[in-house]
Amino acid sequence: GVLARSLSSLAAQLEARIGELTAERTQVAQLLTVGREFMADASHELRTPVMTIQGYSETLLEGGADSATARQFLETIHRHACRLGRLVEDMLRLSALEVRPSADAIIEHVDVGGVASAVVDTLQARAEAQRVTLRVEVDAGVEISGDPLALEQVLENLVDNAIKYGRTGGTVTIRANQENEDTVVHVEDDGPGIDAHHLPRLFDRFYRVDPERSREKGGAGLGLAIAKQFVESMRGRIHIESELGKGARFVMRFPRVR
Ligand code: ADP
């Protein structure tokens, strides 16, 4: 009787342990898949600029191109080198965030209005080139708890997108206010917006609504993935509200600072 009981409790323990191990294995397999997909996507994105730079520089080295053509080739090489640079910066940003233990994260009271104004200053020239008006409507004293540079990066990515994908002559607004238990920060534009079926994947790495068009604008599709990770590192959440033809609004919610 005693032996049978202890055997069956042992069997139950073993079964539970096997269950745990299987779950862990599934998790590890999922992580590996995510990593592999990222490598595949990243390599794919790196390949085009690298091949272009190789091809054009080889032609230049062979000689024979007149100076106008040579200049054109150099411009192409330069453009693709810049794209490579941005891509590498973005990839570093994503990976740095993943390895940084949250214990090391900088946490302070961040004045949202101050950061919003800094972002507007940074992007003013780019906005003017598209005749886009940048507006800040942040209630006085609105704060979040987090890293000011992280918030700046998030707002910069969102406003930069709103300028890039919004409409010429449009308006981009950064809004922030306290709402019960949350601090809510919005970035909205009055551009063409995004069709509903893209929305669930929009924050995925390398996801672009129109890859060709976004590549022309210098994007690799990492801006929103970075924004999401930064927001989550500050215990916030981000989502998008958009309809085709009705602009786009990115909404972030952070726990209210006490
Ligand atoms: P990218 O580097 O291509 O800009 P992001 O991750 O920043 O990558 O954005 C992903 C895609 O979401 C973009 O390619 C673009 O198609 C779409 N998008 C982002 N912001 C907006 C916006 N404000 N209006 C319309 N489309 C947008």
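Biologist: Which element gives the most to the shell around the ligand?

Modeller: This is a predicted model, in which local features need pLDDT of at least 70 and side-chain atom pairs count only at pLDDT 80 or more, while totals for chains, interfaces and linings use all residues. Residues are numbered from 1 along each chain as its sequence is written, and side-chain values use heavy atoms, with hydrogens and water left out. Helices (H or I, at least four residues) and strands (E, at least two) are DSSP runs numbered from the N terminus. Here α4 gives the most to the shell, with 4 residues. The elements that each supply at least two residues are α4 (148-165), α6 (223-233) and β7 (248-255).

Biologist: Which residues around the ligand come nearest?

Modeller: A residue is near a molecule if one of its heavy atoms lies within 4 Å of it. There are 20 residues around the ligand, and Asn161, Tyr165, Asp189, Ser214 and Leu224 come nearest. The shell divides into 11 nonpolar, 6 polar and 3 charged residues; Ala, Val, Leu, Ile, Met, Phe, Trp, Tyr, Cys and Pro count as nonpolar, Asp, Glu, Lys and Arg as charged, and the others, Gly among them, as polar.

Biologist: Which polar side-chain atom lies 2.8 Å from a nitrogen atom of the ligand?

Modeller: A polar contact is a pair of N or O atoms within 3.5 Å. The atom in question belongs to aspartate 189. Taken alone, the ligand exposes 540 Å², of which the protein buries 96%; accessible areas come from the Shrake-Rupley method with a 1.4 Å probe.

Biologist: Which residues of α6 are buried?

Modeller: Buried means under 20% relative accessible area and exposed over 50%, with partly exposed in between (1.4 Å probe, protein chains only). In α6, the buried residues are Leu224, Ala225, Ile226, Ala227, Gln229, Phe230 and Val231.

Biologist: Where is asparagine 180 placed, and is this residue buried or exposed?

Modeller: Most residues other than glycine have a negative phi. Asparagine 180, however, has a positive phi near 45°. Its place is in the loop between β4 (171-179) and β5 (182-189), and asparagine 180 counts as exposed at 66% relative accessibility. Phenylalanine 206 also has a positive phi, near 70°, and lies in the loop between β5 and α5 (211-216). Phenylalanine 206 is buried, with a relative accessible area of 10%.

Terms used: Polar contact = N/O pair within 3.5 Å; in protein donor to acceptor, adjacent residues only side chain to side chain.
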